[in-house]
Amino acid sequence: MPQTASSQPANLSSGPQALSPGDRARRKALFSLLVGLVALPASWLLFSQLERLWPEIVRMEGIAFMAAATLLGGAMAIGPLAAAIGLLLAIWFGVDSVYKPRSKPSPLLDRVIVGAGLLVWFTPALAAFAMIGQALASGRIHFVRPPRDYFLATDPIAFWQGVGFWLIMGGLFAFLAWRYWRGKLFPRSADAE
């Protein structure tokens, strides 16, 4: 684990109410986490009750129908988005707080936050490489849009082009994640360039 800025207490010379940058980032992470944790079950509840709610809305007429349908549609669009953005921002600000000075160190929580951040940042690359592994193991690569299956036995050129596509995408995702994390995990090597 790299030496983080949280291992040294921050100097709070500007008064008792002033927060260090790491403490501010940790509060933003906590707020984002709360938004995500509230929006996630609320969205699940809304979608699970949709079969019961929609017939009630359909019975309405005029402005009442338009308002209820708009409200339901807006909640269905905003709820999952708020949950996803809240959880991603919680990771983002949490990682940011680990590498900034804070008033109280928390090494165990810092490790959990960095581990979660690494998992989130490298998941797209891991998913792309998993697609390659699955394609090589099964001899078939699948694309969703347009829906196509390319088999190694019947269409080897398209199959290897599909594998190459996922290899390029996985490499790109891994490179972008590495560029973000290199300066945090290995600050001396990032400063040398």
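This is a predicted model: local features need pLDDT of at least 70, side-chain atom pairs count only at pLDDT 80 or more; totals for chains, interfaces and linings use all residues.
The chain has 193 residues, and buried residues make up 27% of them. Six helices and two strands are present. In sequence order these elements give the pattern α-α-α-α-β-β-α-α. Of the contacts in the chain with a separation of 6 or more, 67% are between residues 24 or more positions apart. The chain exposes about 12,800 Å², and carbon and sulfur atoms supply 70% of that area.

The interior can be taken next. In soluble globular proteins, nonpolar side chains tend to be buried together. Here the largest nonpolar core consists of ten residues: Ile 91, Val 95, Val 98, Tyr 99, Ile 113, Val 114, Trp 121, Ala 177, Trp 181 and Leu 185. Three helices, α3 (62-98), α4 (107-138) and α5 (156-185), each contribute at least two residues to this core.

Trp 181 is a member of the ten-residue core. With its neighbours within four places in sequence left aside, Trp 181 is in contact with Val 95, Tyr 99, Val 114, Gly 117, Leu 118, Trp 121, Phe 122 and Phe 186.

The largest pocket holds about 260 Å³ of space. Its lining is formed by Arg 26, Ala 29, Leu 30, Leu 33, Leu 87, Ala 90, Ile 91, Gly 94, Leu 109, Val 112, Ile 113 and Ala 116. Helices α1 (21-48), α3 and α4 are the elements that give two or more residues to this lining. By class, the lining has ten nonpolar residues, one polar and one charged.

Outside the four places on either side in sequence, Ala 90 is in contact with Ala 29, Ser 32 and Leu 33. Ala 90 and Gly 36 are 54 residues apart in sequence, while their C-alpha atoms are 8.3 Å apart in space.

Ile 85 is also found in helix α3. With a relative accessibility of 42%, Ile 85 is classed as partly exposed, since that class lies between 20% and 50%. The C-alpha atoms of Ile 85 and Ser 32 are 8.0 Å apart, and the two residues are 53 positions apart in sequence. Ser 32 is also one of the contacts of Ala 90.

The last stop is the part of the chain around the two strands. Most peptide bonds are trans. A cis peptide bond, however, joins Arg 145 and Pro 146, with omega at about -15°. Pro 146 is placed in the loop between β1 (140-143) and β2 (148-151).

Ala 153 lies in the loop between β2 and α5. The relative accessibility of Ala 153 is 76%, so this residue counts as exposed, the cut-off being over 50%. Ala 153 and Gly 139 are 14 residues apart in sequence and 7.3 Å apart in space, taken from C-alpha to C-alpha.

How values were computed
Residues are numbered from 1 along each chain as its sequence is written. Side-chain values use heavy atoms; hydrogens and water are left out. A nonpolar core is a set of buried Ala, Val, Leu, Ile, Met, Phe, Trp, Tyr and Cys residues joined through side-chain atoms within 4.5 Å. Buried means under 20% relative accessible area, exposed over 50%, partly exposed in between (1.4 Å probe, protein chains only). Helices (H or I, at least four residues) and strands (E, at least two) are DSSP runs, numbered from the N terminus. Contact means heavy atoms within 4.5 Å. On a 1 Å grid over the protein atoms alone, a cavity is a set of points where a 1.4 Å probe fits but cannot get out, and a pocket is an open set with protein on both sides within 12 Å along at least five of seven lines; lining residues have an atom within 4 Å of a point. Grid points are joined across faces, edges and corners, and a volume is the space filled by probe spheres set on the points. Ala, Val, Leu, Ile, Met, Phe, Trp, Tyr, Cys and Pro count as nonpolar, Asp, Glu, Lys and Arg as charged, and the others, Gly among them, as polar. Accessible areas come from the Shrake-Rupley method with a 1.4 Å probe; for residues, only the protein chains shown count as cover.
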